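Subject: Structure for your review

Dear colleague,

Please find below the structure that I am handing over to you.

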Amino acid sequence: MRRRRFLWVALATPGVLWLLLLFVFPFYVVLSLAFGTLDPLFLSPVPIWNPMHWIPDQFTYVLSHLAGAAGFYGPAILRTFAYVFIASVGCLLIAYPVAYYVSRFGGKRKGMLLVLLIAPFWISYMMRMLAWVNLLQIDGWINKVLSFGGIFNVHIAWLDGRPSTVILGLIYGYIPYMILPLYAGLDRIENSLLEAARDLGASRLSTFRRVTLPMSKSAVVASLLLVTLPMVGDYFTNDLLSASPSTAMFGNLINTAIEADSQVGKGAALLIIMFVVLLAPMLYYVRMTEKAEGGAV
Amino acid sequence: MPASWGEYSPISTPLNRRAFLGKSLATAAAFPTLAAFLDACSSSPTTAAPSSSAFTVASPANPVTWPISSTNPAIADNLVPEQNATINIYTYTSYLDPAALKSFEKKYAKYNVKCLITTFESTSEAIGKIRSGGIQADIYNPSYDQMGRMVKGDLIQPLNHTYISNISNVWPSFTNPFYDQEWRYSVPYTVYTTGIVWRTDKVSEDVAARTNPYDVFWDPQYSKRLSVLDDYRTAMGLVAMRAGWDINTADPTQIAGMHEQLTKMNQATSPKVNVTDYQDIPTKVVDMCQAWSGDAFNMVSYMPTGQSPDVLRYWFPTDPHNGEVDNDMLVLLKMSKYPVMAHLFMNHMLDYKVARANFMFTGYQMPQTLITPSNLVSDGTIPKNLASVVVEESLFTKGQRLLELPPAVDAQWQAIWSQFKAGA
């Protein structure tokens, strides 16, 4: 009994250490910066490690500029939620049929199809976005394709700071993260259940609606979380495909703050707010999974 | 046997409220310990740094000779260069010709010296890493508006001039610049102006012919066709110069005015804010932009195959009093492990042939007496249509210089810049 308990502790230790070193400690540093002060000469952030001495000025500054007449952070945050919502739905609309096809009709080619699906991971995110910058230029291939060999005169300035381009970039950048968990969830659904539904007279559509879709709900939520959470903090896609303040997102607010010495503490405060906001869907997922597990028992 | 795992699983035992509170208290109790530990580990810059009240702003009207502390003297004369040194130069990306490093290694091959470049995105980031010891470098490549902070923060060491004989190649005014009289701590690196670039095939008007060309950034006909530099001092300097203000203004009314004008600029033209203008203009991502003269020159080499650089234009005010002229420099970090070799490297960069090649590589002119500005166009180095990118020594007596801002004012500028970039 004691030996088994030791085994569990030993197995849990790397994960706990990982969390302590790469989550708890960095988060404490962020807190110490958000509630810290500034070096009087260099304006660089000076963390205050002791919570008893924390100064709330930078945090209250951010809170007081979230909404209202002075709320310059508000529009970017609302914009982020709009972009992320549209991009997540877009990802789902594309990824679900792809994952469904691979899991149901992939047959012997499942492995190859999966490799093709994860192929974008082999290239860095930055390189993929830079490729889009080339494709979307006025003389780029997207406009060339849309001009149908010169029949139409297409000169769309995709990179002039339009939201649609940023959303396109988000969908493209994060879709592999959605396809894989969806595939895993759909592939786990027993064929016998689908056959039983068909045997009982359900049409293909009805089988999908009443069996496949409900049974893939947790995979859908998990995959949505996987793409939504990093999208909210993304700043790079907007920087490369737009670079306009009119499409600035939550992540850009933090990045801009971090680049200016005196604003780093405010960036840390924004990060804490983002963390709290993102905690809600995460908790929903945990609760939903617990419920599902409880139901299964 | 999986079925029995749950029996022993640590997560199978629910954490009741009492246990949760107990563990939370234990965690809370641990925080002060962690805090004390971190306090002990940190170098506490608040106590180490001098206060902002002792801040000295160098300006052409108020040249500053920085003191040399007895605890931070220059190296002695006639020292033998260090063996097996690796000189780390901390600079911007693509801001130093790799051939210059190779030729230096070759020149001092008997000492087995190696050169290394480490890059930064912004000088704020660089200063932060230098102060925290996050980087070990020998030579740093800042602009002169950081001089006071670096000296007062004890980040750099004075130079021993006997190792840098090539200073004689430099424009005379840079051997006694206002920001570092007697060039005690720095040697000049590049010189540049900040102006406006546009493509004549996309912009039909002659921007230079406008009464105030800076107005283009508020002209709705150029909405979403412009970019400004992602550098708060330079971009906000444009706003100040348009209004005829000092680009180092500390006047609260003018600072509020800059805020208002930046908001209006966002509404009128929604410009991009980046530093990739040298690519964006050649590839028609934008038609017009605020640009440093070095980047304007670089655009020629970024033009796609088959497209002529003749369409490029660069405007810098004919009256330089309303234009920004700056220079970057090389300084020797106090943390340098190889100060003798670092001195020799600075000397190497001031060699005419090295400087000329470096200019061709980076696009940024170096203030060398043998690089005659008037000849750069006639000898074909710079195309005629970009003749205005040439930086003359005389500009430095007339143009506006970005000066160090007092910390409190600097913080106000940075806060306004954050608001502008938030796109509200």
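Predicted model: local features only at pLDDT ≥ 70, side-chain atom pairs only at ≥ 80, totals over all residues.

Chain B

Of the contacts in chain B between residues at least 6 apart in sequence, 77% join residues at least 24 apart.

Domain 1 covers 55-191 + 328-387, while domain 2 covers 192-324 + 402-421. Taken over C-alpha atoms, the centres of domain 1 and domain 2 of chain B are 27 Å apart. Their contact involves 16 residues of domain 1 of chain B and 17 residues of domain 2 of chain B. On the side of domain 1 of chain B that touches domain 2 of chain B, helix 6 (147-152) and strand 4 (186-199) of chain B each provide at least two residues. By class, that side of domain 1 of chain B holds nine nonpolar residues, six polar residues and one charged residue.

The axes of helix 7 (residues 232-243) and helix 8 (residues 252-269) of chain B come within 10 Å and cross at roughly 105°. Angles of 65 to 115 degrees count as roughly perpendicular, and helix 7 and helix 8 of chain B are therefore roughly perpendicular to each other. Helix 7 of chain B contributes B:Met236, B:Val239, B:Ala240 and B:Ala243 to the contact, and helix 8 of chain B contributes B:Gln254, B:Gly257, B:Met258, B:Gln261 and B:Leu262. Six of the residues in this contact between helix 7 and helix 8 of chain B are nonpolar, three are polar and none is charged.

The contact between the chains

Where chain B meets chain A, 47 residues of chain B are in contact with 39 residues of chain A. Several elements of chain B give two or more residues to this side, among them helix 2 (17-41), helix 5 (123-132) and strand 6 (272-274). Helix 15 of chain B gives the most, with ten residues. The side of chain B that touches chain A is made up of 22 nonpolar, 15 polar and ten charged residues.

Chain A

Chain A is likewise divided into domains: domain 1 spans 1-64 + 262-297, and domain 2 spans 76-259. The centres of domain 1 and domain 2 of chain A, taken over C-alpha atoms, are separated by 28 Å. In chain A, 14 residues of domain 1 are in contact with 13 residues of domain 2. The side of domain 1 of chain A that touches domain 2 of chain A comprises ten nonpolar, three polar and one charged residues.

Chain A has a helix pair to examine as well. Helix 3 (residues 73-105) and helix 12 (residues 250-259) of chain A have axes that come within 7 Å and cross at roughly 135°. Helix 3 and helix 12 of chain A are therefore oblique to each other. In this pair, A:Tyr73, A:Ala76, A:Ile77 and A:Thr80 of helix 3 of chain A meet A:Phe250, A:Asn252 and A:Leu253 of helix 12 of chain A. The residues of the contact between helix 3 and helix 12 of chain A comprise five nonpolar, two polar and no charged.

With kind regards

Conventions: Residues numbered from 1 in each chain as written. Chains lettered and ligands numbered in written order. Domains from an automatic or database assignment. Contact = placed C-beta atoms within 7 Å. Helix = DSSP H or I, 4+ residues; strand = E, 2+ residues; numbered from the N terminus. Nonpolar A, V, L, I, M, F, W, Y, C, P; charged D, E, K, R; others polar. Axes fitted to C-alpha atoms, helices over the stretch in contact; angles between N-to-C directions. Parallel < 35°, antiparallel > 145°, perpendicular 65-115°, else oblique.
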